[in-house]
Amino acid sequence: MKIQYIILTALLFVLLTNQSVADEATDTPLILGIHPFLSEKELIKRFTPLTSYLEKTIHRKIQIKVASNYQQHISFIGQDRVDIAYLGPSIYIDMVNSYGRKPILARLEVNGKPYFHGKIFTQKNSSIKTLADLKGKSIAFGDPNSTMSTRIPLWLLKQNGVEKSDLGYYQFLNNHSNVAYSVLMGDFDAGATKEAVYNQFESQGLRAIATTPAISEHLFVTSNKLDDETVQKLKQFMLGLNLYTEGPAILNAIKKNVTGLVSATDDDYNNLRDIMFNANRPKS
């Protein structure tokens, strides 16, 4: 009897310990990492409605963490130091190249389309009419790793015979809004941003001279360390968000005219991979 008592006591201890560990894991907040394409204050404001919705549906607290720069954000999700990450297309490819693939939850759908464009623009009254006219001119880019404010514009310039070395001057200004403001203020002859930001500032005196190809939209991925059950729950509730009563308001808080979160695969970003590869090739 004494031996049976000791065995039962040991089993009870193991069960209680395992339950305690499980409860502790459940109580630990998930971290949603975001790249700093806008100010930290603005990004927290935009993504809080989504995290609040997900907290209610998966019954787990979620905290927002904004990286200080794009490269730090890549390392955070690449090294599984955040549980969920919101990524621009080019930094998703950079992350995969450096750390391997992560489970994809969903990508944005804007006005019914899961892809977007960028604009290269000047002041409305500028004499610059084409990309070729930018030789010897100054141009403002966003973060060096940004899809639509740096990567695609540099490729598009190259396609039109304009290398970085052909520019009179260029500078990276961290985010899209800074680029638009700098061109409006006359600090640069031209700039590049995603179409949504260009549309926001166009009426203040901007004129587009080029539009980029369509690129698969921003996406959410998870850490490889996140358990499968949580990953599937997150995916289920994100893909069904547009059917939720408060769904449209939550989606539009992230970005204007977002109509849903839709499924995505790594292959959806292959055309961008090709562009990024060709943009880095030296002139033949």
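This is a tour of a predicted model, stop by stop, with what to select and what is found there.

Residues are numbered from 1 along each chain as its sequence is written. Because the model is predicted, local features need pLDDT of at least 70 and side-chain atom pairs count only at pLDDT 80 or more, while totals for chains, interfaces and linings use all residues; side-chain values use heavy atoms, with hydrogens and water left out.

**Confidence**

Colour by pLDDT, the predictor's confidence in each residue, from 0 to 100. The mean for the protein is 90, and 89% of its residues reach 70 or more. Then select residues 5–25, where the pLDDT is below 50. Beyond near neighbours in sequence, this stretch has 1 contact in the model (contact means heavy atoms within 4.5 Å).

Helices (H or I, at least four residues) and strands (E, at least two) are DSSP runs, numbered from the N terminus. Two strands pair if DSSP finds at least two bridges between them.

Select the 6 strands that form an open sheet of mixed pairing, in the order β2-β1-β3-β12-β4-β13. β2 and β13 stand at the edges with a single partner strand each, so one side of each has no neighbour in the sheet. Neighbouring strands are turned by 20° against each other on average, direction ignored. For this and later angles, axes are lines fitted to C-alpha atoms, for helices over the stretch in contact, and angles run from 0 to 180 degrees between N-to-C directions.

Start with strand β1 (residues 30–34) and strand β2 (residues 62–66), which run parallel and are joined by 5 bridges. The chain passes from β1 through helix α2 (residues 40–58) to β2 in a right-handed β-α-β crossover. Right-handed here means that, with the strands pointing away from the viewer, the path from the first strand over the helix to the second runs clockwise.

Move to strand β4 (residues 104–110) and strand β12 (residues 219–222), an antiparallel pair with 3 bridges. Isoleucine 104 has valine 221 in β12 as its bridge partner.

**Helices on this sheet**

Helix α3 (residues 70–78) packs on the sheet and touches β1, β2, β3 (84–87) and β12. Its direction makes about 145° with that of β3. Of the 9 residues of α3, 7 are buried (under 20% relative accessible area; exposed is over 50% and partly exposed in between, with a 1.4 Å probe and protein chains only). Select Tyr70, His73, Ile74, Ser75, Phe76, Ile77 and Gly78 to see these buried residues. Their cover includes β1, β2, β3, α4 (89–99) and β12.

Look next at the two ends of α3. At its start, a side-chain oxygen of asparagine 69 reaches to within 3.2 Å of the backbone nitrogen of glutamine 71. Aspartate 80 follows the helix and has a positive phi, near 60°.

Helix α8 (residues 228–239) lies across β1, β3, β4, β12 and β13, at about 15° to β4.

**Aspartate 266**

Select aspartate 266, in the loop between β13 (258–262) and α10 (270–279). Is aspartate 266 buried or exposed? Its relative accessibility is 8%, so aspartate 266 counts as buried. Leaving aside neighbours within four places in sequence, aspartate 266 is in contact with Tyr92, Val96, Arg101, Ile104 and Arg273. With arginine 273 there is a side-chain polar contact of 2.7 Å. A polar contact is a pair of N or O atoms within 3.5 Å; within protein, one must be able to donate a hydrogen and the other to accept it, and residues adjacent in sequence count only if both atoms are side-chain atoms.

Another open sheet has 5 strands in the order β8-β7-β9-β6-β10, with mixed pairing. Its edge strands, β8 (169–172) and β10, each pair on one side only. The twist averages 25° from one strand to the next. β7 and β9 pair in the parallel sense over 2 bridges, and alanine 140 stands opposite glycine 191 in β9.

Finish at helix α6 (residues 176–184), which is largely enclosed by the rest of the structure because 7 of its 9 residues are buried. α6 lies across β6, β7, β9 and β10, at about 150° to β9. Its buried residues are His176, Ser177, Val179, Ala180, Ser182, Val183 and Leu184. At the start of α6, a side-chain oxygen of asparagine 175 reaches to within 3.2 Å of the backbone nitrogen of serine 177. Glycine 186 follows α6, with a positive phi near 85°.
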